[in-house]
Amino acid sequence: MIKNIKTTLSKGTVIPSLTFIVGICILSAIYPKLTNELLSVIKNFIFVNLNYVYVWSVTIFVIFLIYLMFSKYGNIRLGKNDSKPEYSFFSWISMLFAAGMGIGLMYFSVAEPIQHFSNEVFDGNSIVKRTKDAQLYTFFHWGIHAWAIYCIVGLSLAYFAYRYSLPLSLRSCLYPLLKDKIKGRWGNMIDIFALCSTFFGITTTLGFGVVQINSGLETLGILPESSFLYQVLIVIVLVSLSIISAVSGVDKGVRILSNINIASVIILLLFVLALGPTVYLINSFTEGIGNYITNFFNLTFSTHVYETEMQSWFYDWTILYWAWWISWSPYVGLFIAKISKGRTIREFVTAVLIIPTLFNFIWMSIFGNSAIWLDINVADGILSKLSKNPDALMFRFLEYLPLSNVASFFTVMIIIIFFVTSADSGIFVMNSIATKNAKVSPKWQTIGWGVLLAILALLLLNAGGLASLQSMTLITALPFSIIMLLFIVSLLKALSIDKSYYERDFSVSTIPWSGASWRNRLKQIISFNDKNNVNNFLKTIVKEAFIDLQKEFAENNIQVKINYYENPERIEIEIKYDIVNNFIYGVKNDSKIVSDYLLNEDNLPDIENNRSFYPKSYFGDDRVGYDVQLFTKNELISDVLKHYERFIEIISEEKNEMFISSNTNQRLK
């Protein structure tokens with residue numbers, strides 16, 4: 001009976017991943033304190049001694065993406081050149097936004113600014129300085145740098161999946177470096193890492209989300225208390241909704257819920273803006289943007305090495321955030337890539353970096369600055385005193401606004417929808433990784449991921465093991481940051497080849513062609529020459545052409561010399577001048593590496609090895625030459641005269657004196 005169960009799961013990825021995931025979760029549940037202490041030691045060692053790896057990695061991500069936005073590669077489409085986006089712009093932005101930040105926005109929008117504002121490390125500053133710094137650091141942690149991390153993974157996945165027709169899998173992002181090795185052990189290792197990282201990240205985030213929902217329902221009086229029993233009920237209901245949404249697919253469940261979510265978030269945003277200190281919020285947002293732009297590079301490179309009192313804060317906030325976003329990037333990047341087919345690279349990078357960042361700034365300004373303003377002017381520091389209880393801080397903040405019960409209820413609904421959209425997209429992504437992006441999977445697999453997610457999240461909630469899992473998630477970010485840097489190397493290599501492929505014109509040697517010698521030309525095109533064949537071409541066609549030219553130049557009182565060289569074999573025609581550089585046109589025996597695919601291609605003549613030789617032209621002024629193997633003798637003579645005519649034209653112009661008045665010839669020695 002078990003043998004008849006259909007599955008698309010990849011055993012090489014799933015079995016090691018589940019073994020590690022379940023093992024870590026059970027260990028964290030049975031020995032939560034010991035496991036957390038051990039993992040915390042490792043995490044703290046990395047944060048203190050290797051924090052520069054995170055700082056430099058994120059900095060390189062940002063610089064690389066800004067370069068791509070303005071580079072010649074920006075017009076390359078994520079798919080075929082005629083691909084069109086599958087989703088409307090609003091739906092696309094809604095889905096990537098819901099997957100990218102989700103519950104975190106609700107959890108930290110009030111908590112982080114208040115925690116920065118009330119942190120002991122800033123006690124010596126004035127209230128104004130503390131308020132500005134709270135907004136600035138919140139912008140920094142939720143801005144361009146965070147989305148650059150997601151963008152690198154999402155762009156790499158989308159490019160190689162839709163442009164190269166590779167599986168939508170992290171292993172594909174290293175294809176230019178590993179080639180076919182991505183199908184074996186190396187590819188499995190990358191996917192195992194991605195699946196574990198995704199599972200750990202979603203489990204911990206959803207665990208904390210359940211606690212916040214429980215706290216909100218308690219505040220509203222819907223539930224009498226915050227307890228594990230009620231958290232079990234919340235998880236059962238919400239994961240069930242997530243499974244239903246995931247089973248219905250991205251086009252239906254995930255897209256519809258994301259659109260509802262973004263609309264609800266905007267309504268709540270406008271509610272707080274209208275009923276809070278409106279003018280103060282608008283002005284503080286304006287000043288906050290200017291402050292962020294002014295300090296952008298300083299924040300990007302800062303490690304607070306000269307401010308020892310800031311070091312602990314730096315590790316607990318900035319480095320933790322970079323590690324957290326990196327650990328989440330396989331999941332978010334995969335989901336963003338899934339919904340981004342047909343976009344151009346420039347459109348993708350600009351939208352992913354700028355639009356969510358701008359919305360985050362607006363959101364954090366309105367909620368965070370409202371909370372700080374109320375804490376100073378109305379609450380008499382009560383919100384600051386609650387800074388260590390972020391689960392309830394959002395709801396306590398809303399109590400100081402009119403219609404607080406309505407706002408709190410609406411907030412709980414948004415958190416629930418965020419929970420469901422994060423879980424359903426997470427389930428979708430985990431199944432995609434586990435199946436190597438199988439197009440159709442049995443529904444029991446999707447349900448199975450949801451059930452496993454719920455069971456392990458509740459197990460850790462009950463045993464107090466979420467902190468251990470969070471530490472494990474942050475630890476995995478270090479090796480993955482290195483892998484992401486390799487993604488950039490891989491992407492640059494592929495983009496360069498891509499651009500060259502589509503912009504390459506016909507060979508120079510084809511310009512003088514007629515149909516007279518088409519049979520011979522066909523044989524030459526499909527052949528791959530060895531070294532001896534090219535040397536024979538030099539000794540016959542090239543040599544005869546140069547000798548004929550030498551005789552004709554002599555008839556016109558121009559002395560021409562023919563030079564012969566070895567290693568590499570080459571022959572050149574040279575016309576000497578006393579004042580300007582000599583004219584040189586040569587042909588040498590050069591070689592190139594033949595693609596492995598052509599070595600195994602049945603529809604071409606056999607190739608003995610992967611190196612093919614060809615006659616390549618070169619010039620005295622060091623311009624790049626080209627393959628001349630398809631030239632007849634007369635066509636080669638014509639090509640030499642074409643370059644000689646160019647030479648005469650250049651030396652006759654006065655403005656070119658600085659380039660031509662040297663007796664040193666740029667030539668091969």
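Asp-191 is buried, with a relative accessible area of 1%, where buried means under 20% relative accessible area, exposed means over 50%, and partly exposed lies in between (1.4 Å probe, protein chains only). The model is predicted: local features need pLDDT of at least 70, side-chain atom pairs count only at pLDDT 80 or more, and totals for chains, interfaces and linings use all residues. Residues are numbered from 1 along each chain as its sequence is written, and side-chain values use heavy atoms, with hydrogens and water left out.

**Salt bridges**

The side chain of Asp-191 meets that of Arg-171 in a salt bridge, at 2.7 Å from N to O. This pair links distant parts of the chain, since Asp-191 lies in helix α9 (residues 185-219) and Arg-171 in the loop between α7 (144-163) and α8 (175-178), 20 residues apart. Helices (H or I, at least four residues) and strands (E, at least two) are DSSP runs, numbered from the N terminus. Arg-171 also counts as buried, because its relative accessibility is 4%.

Side chains of opposite charge can pair when their charged atoms come close. The term salt bridge is used here for a side-chain nitrogen of Lys or Arg within 4 Å of a carboxyl oxygen of Asp or Glu. By this rule the count comes to nine salt bridges. Three of them are set out below.

| Salt bridge | N to O distance |
|---|---|
| Asp-191 and Arg-171 | 2.7 Å |
| Glu-287 and Lys-132 | 3.0 Å |
| Arg-396 and Glu-399 | 3.2 Å |

The salt bridge of Glu-287 with Lys-132 also links distant parts of the chain: Glu-287 is in helix α12 (residues 278-294) and Lys-132 in helix α6 (residues 127-142), 155 residues apart. Glu-287 is partly exposed, because its relative accessible area is 45%. Lys-132 is partly exposed as well, with a value of 37%. In the pair formed by Arg-396 and Glu-399, Arg-396 is partly exposed at 29% relative accessible area, and Glu-399 is partly exposed at 41%.

**The chain as a whole**

The protein chain contains 25 helices and four strands. Of its 669 residues, 55% count as buried. Its accessible surface comes to about 31100 Å², of which 60% belongs to carbon and sulfur atoms; such areas come from the Shrake-Rupley method with a 1.4 Å probe, and for residues only the protein chains shown count as cover. A contact means heavy atoms within 4.5 Å. Among contacts between residues at least 6 apart in sequence, 78% join residues at least 24 apart.

**Nonpolar cores**

A nonpolar core is a set of buried Ala, Val, Leu, Ile, Met, Phe, Trp, Tyr and Cys residues joined through side-chain atoms within 4.5 Å. The largest such core has 174 residues, and those with the most contacts inside it are Tyr-54, Leu-65, Trp-363, Phe-367, Phe-397 and Phe-487. Helix α14 (residues 308-338) gives the most to this core, with 19 residues. Leaving aside residues up to four places away in sequence, Tyr-54 touches several residues, including Ile-319, Trp-322, Ala-323 and Leu-474.

**A pair of strands**

Strand β3 (residues 583-593) and β4 pair in the antiparallel sense over nine bridges; two strands pair if DSSP finds at least two bridges between them. The bridge partner of Asn-589 is Pro-615 in β4. Eight of the nine residues of strand β4 (residues 611-619) are buried, so β4 is largely enclosed by the rest of the structure.

**The surface**

A nonpolar patch on the surface is formed by Ile-26, Leu-27, Ile-30, Tyr-31, Leu-34 and Leu-459, with about 570 Å² of accessible area together. Patches are made of residues with over 30% relative accessible area and no salt bridge: like charges are joined within 9 Å, and nonpolar side chains (Val, Leu, Ile, Met, Phe, Trp, Tyr) within 5 Å. Helix α1 (residues 11-30) gives the most to the nonpolar patch, with three residues. Leu-459 is found in helix α19 (residues 443-463) and counts as partly exposed, because its relative accessibility is 34%.

Ser-165 has its place in the loop between α7 and α8, and counts as exposed at 64% relative accessibility. Leu-403 is found in the loop between α17 (390-398) and α18 (404-434), and counts as exposed at 56%.
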